[in-house]
2 protein chains.
Amino acid sequence: MKKLRIGLCGTGNVGFAFAETIINSKSLINQNYGLDLSISLIGARKGKVPGLENIKVIKDIQEVPLSDEVDVVVELIGGVEESFKLAKAALNNKKHFVTANKALIAAHSKELFEIAKQNQVHLGFEASVAGGIPIIRVIRDGLMSNQINSFAGILNGTSNFIFSKMAEEGLSFETALSLAQKEGFAEPDPTFDISGQDAAQKTCILATLSFFKHAVIENVHYEGIDNISTQDIDYGKQLQLVLKPLSIGMSKNNKFTLGSFPAFVKEKSLLASIQNESNAVLMNTESTGGTMYAGPGAGAKPTSNSVLTDIIDIARGKIFDYQEFVKTSLDASFEDFSCGHYLRMEVSDEAGVIAKISTVMAENGLSIDNLIQKELDKKEDVIPLVIVTSNSEEKVIQKVISDLRELSEVKNSISHLRILDI
Amino acid sequence: MKKLRIGLCGTGNVGFAFAETIINSKSLINQNYGLDLSISLIGARKGKVPGLENIKVIKDIQEVPLSDEVDVVVELIGGVEESFKLAKAALNNKKHFVTANKALIAAHSKELFEIAKQNQVHLGFEASVAGGIPIIRVIRDGLMSNQINSFAGILNGTSNFIFSKMAEEGLSFETALSLAQKEGFAEPDPTFDISGQDAAQKTCILATLSFFKHAVIENVHYEGIDNISTQDIDYGKQLQLVLKPLSIGMSKNNKFTLGSFPAFVKEKSLLASIQNESNAVLMNTESTGGTMYAGPGAGAKPTSNSVLTDIIDIARGKIFDYQEFVKTSLDASFEDFSCGHYLRMEVSDEAGVIAKISTVMAENGLSIDNLIQKELDKKEDVIPLVIVTSNSEEKVIQKVISDLRELSEVKNSISHLRILDI
């Protein structure tokens, strides 16, 4: 029977759940795949792990890949610096390396896959995007015969949870964020999630696999979600639109667009039905059209199981050949990206304001699809105005926003959200 | 460069689209996978294929697997008898065999995989279930570390199209079926689709992969969709239920339930949002919970692409080891299956009827969750009565239906639809 001895680095929520998964799944894996998996060593700074006393622990995590008792290093510590060092040490020591770390893969996949190849060992990263959904395998195996034209997904469960609660329960952004933290869907420091960086890293990884070109985070236009107000979500409802934290990748005539930002989708679209902390990815291919993959995006158990699929594949020799897939770098630009736009601004309640604003739009070649202005919403002498435009390129809408800001009738800042027809 | 020469059997819609896919994808596949694919021989009864004149054709399809110019036989003729003969000839002649034929796989997978193993060649069947969704790979690779507890899916696009049109446009079953035929979503002879047999065959295949046990069509409790009336769909709307052609597989304490039948799901459930000819599969695993996979269930291009993924995997040596997965047979029973039930009957419009019916329910230990009876719906001296019951086992509801039929107050037949909370 084939044996693989795992060196587990990191014993937080996910690390502990992973250890439990290995212990609990041992007989299932043994029976189904004829594979003997065990955790032979744990790297944990505290030097012991309550509940896993039977497994040898060392305090210096960087020593795990040096051990003769380890065949596969599983990295669940997070962050980039120490995990990168760990990954290099593992691969250079001819240990397979499996990680759930999107930041590490987004930043260093190219270099790591080169080291892996030189040392004839493998690197698994299924758990790095959409934890419980086997999206990496879907792209690299399930859709491989197809040309992928674009993808669109909800890749950050924290943001989706926040928007869902704002829409369902009318919570403010801050209250919804606190609730997410309380229920364990957001970290105590939620910066990575709400800045859009987490989703942007995952977008890089999906883009690299989808388009066969190495994407880096600088290729992704990303925006945070912390300036979203319940007002925007409410106006969206009136327009039959649902706000979602979207990540997109598009390929057209060898030009690429990658983005992660809050955007409206139509109420009837499949992505609109993905609620709370769930993730989903919609893949659009040349021949098959759209297929969608949905499920839990994070969580200790789903993540642990995705890590385990990589380990089983390593044992079965079913390995992703990165160099086969990814040969060149990806060049992306966002200014030609075209979609509908939602603009909310406060304007003076006087005659001729809408005429002036419409003129700015028309001068930039933009037509107005919807306009909402309600006397009821008036506060003092300003009144909110919501405009939905026809499809326009990013550079055009930015010019329009800048022109509108010049108008003395437009008070305060302008909320801008994109509307994607997916 | 690795070469694979394909012998294509069948040049109907799917066969022709497959040939086009190979021709159009040649350079993409060459570039991405270093693989030289070509169709070296076509088996077509007519002896020529307009549009594919450059490829050698033979009239006797059974001769294709005998050719020295063929490495992989692709079977797109459908049916069981001739395709089974073809499959055996191919595998015995040490040709790989790839098929989109669910009837063949559901009936003969065990025998065919044995012949494939003896001859050290491979058998691919990704296209046999949910054409454009890589569900076979998801189960065998993406979810392999998980114990699959159950699945529920919409596996027959024709039926889903018919129910969608009945619900959206108020069409009768017959009119919706004609529309499906006109738009190419139903065969001229739609028996396999509307009898439930097509979905039952696919249920067998998914069950075998999910539960590691060989399932046959006799294990599946299946029902047709031709007795569904728009009345049931309309009452469903009043109860916030949507009718879907569902296929289910459940495993509990080593007991199995497999079924394919029309059933109600809640309006808010993900499967309710899968419209028209689309397919979807919801997989419930022990550790990850639910993940959903949705997309086109059939169609010439999606099916062709799924066939092509099998061919690329054969070239890459990434092959499904059936004997590794499937060791024993599956035993299934339906009488313990428990869910909610919808019953519609016509009853005499007289005092005491509901009391009598409620008594029958109560005597069988069933409680009533919802009851609809509207004076407006009365016709002559009978009035429709709709009852939604609490969860009960199949054997109980069948006893209740049989008892209700004994009542003289219940006129005509009783419509019975299951309600699944998925």
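Q: In which strand of chain A does A:Cys9 lie?
A: Happy to start here, with a predicted model in which local features need pLDDT of at least 70, side-chain atom pairs count only at pLDDT 80 or more, and totals for chains, interfaces and linings use all residues. Residues are numbered from 1 along each chain as its sequence is written, while chains are lettered from A and ligands numbered from 1 in the order in which they are written. Helices (H or I, at least four residues) and strands (E, at least two) are DSSP runs numbered from the N terminus. A:Cys9 belongs to residues 2-9 of chain A, which is strand β1.

Q: Is A:Cys9 buried or exposed?
A: A residue is buried if 20 or more other C-beta atoms lie within 10 Å of its own, exposed if 12 or fewer, and partly exposed in between, with C-beta atoms placed from the backbone. A:Cys9 has 28 C-beta neighbours inside 10 Å, so A:Cys9 counts as buried.

Q: How far apart in space are A:Cys9 and A:Thr285?
A: In sequence, 276 residues separate A:Cys9 and A:Thr285. In space, C-alpha to C-alpha, the separation is 38 Å.

Q: Which domains of chain A have C-alpha centres, and how many Å apart do those of domain 1 and domain 3 lie?
A: Domain bounds come from an automatic or database domain assignment. Chain A is divided into domain 1 (2-128), domain 2 (135-296) and domain 3 (338-420). For domain 1 and domain 3 of chain A, the C-alpha centres are apart by 52 Å.

Q: What do the end C-alpha atoms of helix α8 of chain A give as its span?
A: The expected span of a helix is 1.5 Å times one less than its number of residues. For the 15 residues of α8(A) (residues 197-211), that should be 21 Å. The end C-alpha atoms agree, being apart by 21 Å.

Q: How many of the 15 residues of α8(A) are buried?
A: This helix is largely enclosed by the rest of the structure.

Q: What is the bridge partner of B:Gly43 in β3(B)?
A: Strand β2 (residues 35-43) of chain B and β3(B) run parallel, joined by two bridges. Across from B:Gly43, the partner is B:Ile58.

Q: Which residue in the turn of the hairpin of β10(B) and β11(B) has a positive phi of about 50 degrees?
A: Strand β10 (residues 241-252) of chain B and β11(B) pair in the antiparallel sense over twelve bridges. The hairpin that they form has two residues between its strands. The residue with that phi is B:Asn253.

Q: Is B:Asn254 buried or exposed?
A: B:Asn254 is in the loop between β10 and β11 of chain B. Although not a glycine, B:Asn254 has a positive phi of about 65 degrees. With 8 other C-beta atoms within 10 Å, B:Asn254 is exposed.

Q: Which element of chain B gives the most to the side that touches chain A?
A: Two residues are in contact if their C-beta atoms, placed from the backbone, lie within 7 Å. By that rule, 38 residues of chain B are in contact with 38 residues of chain A. Those giving two or more residues are α1 (13-33), α4 (135-142), β13 (289-296) and α10 (300-316) of chain B. With eight residues, the one that gives the most is β13(B).

Q: Which residue stands opposite A:Tyr293 in β13(B)?
A: Strand β13 (residues 289-296) of chain A pairs with β13(B) in the antiparallel sense over three bridges. Opposite A:Tyr293 stands B:Tyr293.

Definitions and conventions: Two strands pair if DSSP finds at least two bridges between them.
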